[in-house]
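Subject: Structure handover

Hello,

Here is the structure we talked about. Please open it alongside these notes.

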Amino acid sequence: MIRPYVLAETNWEHLKDEQIELAVLPWGATEAHNYHLPYGTDNYQAQSMVESAAKIAWDKGKKVIVLPTIPYGVNTGQSDIYLDMNLNPSTQLAILKDLVTVLNRQGIKKLLLFNGHGGNNFKPIVRELGLLFPDMFISFCFFPPMLDKSKYFQEEGDHADEMETSLMLYLRPDLVQPKEKWGSGSAKSFKIEAFNEGWAWAERQWSKVSSDTGIGNPEFATAEKGERFFNDVCQKLNDLFCSLCDADLKDLYH
């Protein structure tokens, strides 16, 4: 069945008299995820999450529309990883200027960027867009910090790790390679301790940090863990969608 909250599936007959309250833009990446996960992992995860959360919100009467996923992200530290595709932050800003122009002109004043890729950093972009479009409320979120991952997974990591492998085993098991092909996800850390402590930052050169492009051991991943984490993320994301739909942009603070 056509899902009326997914722009790519719905139609003009349905939308011409609709009053959309919130537009959601999933933004992922196309990059290697160890030996066992597909290059489109971030896109599959982000799109599935927002579509599932949007269904819950739509069924509650909230007028949410999910825009088509942007499948390329910032991968400037992975320029020597074969076919890791890159969009520079300046390109992301240019894309968003055009899309926000459409929403603003058509009276859809709330936009949530749903980030599925750790290399994307939307904060400075949202700041700049806020000056250009003062009537718009533009926000973003990133799903891994939404929940305490230690309650779902036993191994830490941030790329093709236990969490992402579990999610893909649940969402797209047909695209996950057999377990004997999984890399260990072992990774090197900076010799300069300030970067490891988090109060200083430098971009990691991916091929010098990880031999299999993964960061985090996927060994204990299961579809059951992925399903539980996915459902809890979607419920929390639905709460955000509903809150944004109900928000009075002239009365946001207390």
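With which residue does Lys55 form a salt bridge? The partner is Asp59, and the closest N and O atoms are 2.8 Å apart. Keep in mind that this is a predicted model. Lys55 and Asp59 are 4 residues apart in helix H2, so about one helical turn separates them. Lys55 is partly exposed, at 41% relative accessible area. Asp59 is exposed, at 53%.

Salt bridges that share partners also join Arg3, Glu9 and Glu51 into one network.

A search of the whole structure gives 10 salt bridges. Two others to look at:

- Arg3 and Glu51: their side chains meet at 3.1 Å, N to O. This pair links distant parts of the chain, 48 residues apart. Arg3 sits in the segment before H1, and Glu51 in helix H2 (residues 41–59). Arg3 is partly exposed at 27%, whereas Glu51 is buried at 11%.
- Lys16 and Asp17: the N to O distance is 3.2 Å. Lys16 is partly exposed at 42%. Asp17 is exposed at 61%.

Next, the surface. Tyr39, Tyr72, Tyr82, Leu83 and Met85 make a nonpolar patch of about 550 Å². Met85 lies in the loop between strand S2 (64–66) and helix H3 (89–105). Its relative accessible area is 34%, so Met85 counts as partly exposed.

Last, a loop residue. Gln19 lies between helix H1 (12–15) and strand S1 (22–27). Gln19 is exposed, with 61% relative accessibility. From Gln19 to Ser139 is 120 residues in sequence and 20 Å in space, C-alpha to C-alpha.

Best wishes

Terms used:
Residues numbered from 1 in each chain as written. Predicted model: local features only at pLDDT ≥ 70, side-chain atom pairs only at ≥ 80, totals over all residues. Heavy atoms only, no water. Helix = DSSP H or I, 4+ residues; strand = E, 2+ residues; numbered from the N terminus. Buried < 20%, exposed > 50% of the residue type's maximum accessible area, 1.4 Å probe, protein only. Patch = residues over 30% accessible without salt bridge, like charges linked within 9 Å, V, L, I, M, F, W, Y side chains within 5 Å. Areas by Shrake-Rupley, 256 points an atom, 1.4 Å probe, with all protein chains shown as cover. Salt bridge = Lys/Arg side-chain N within 4 Å of Asp/Glu carboxyl O.
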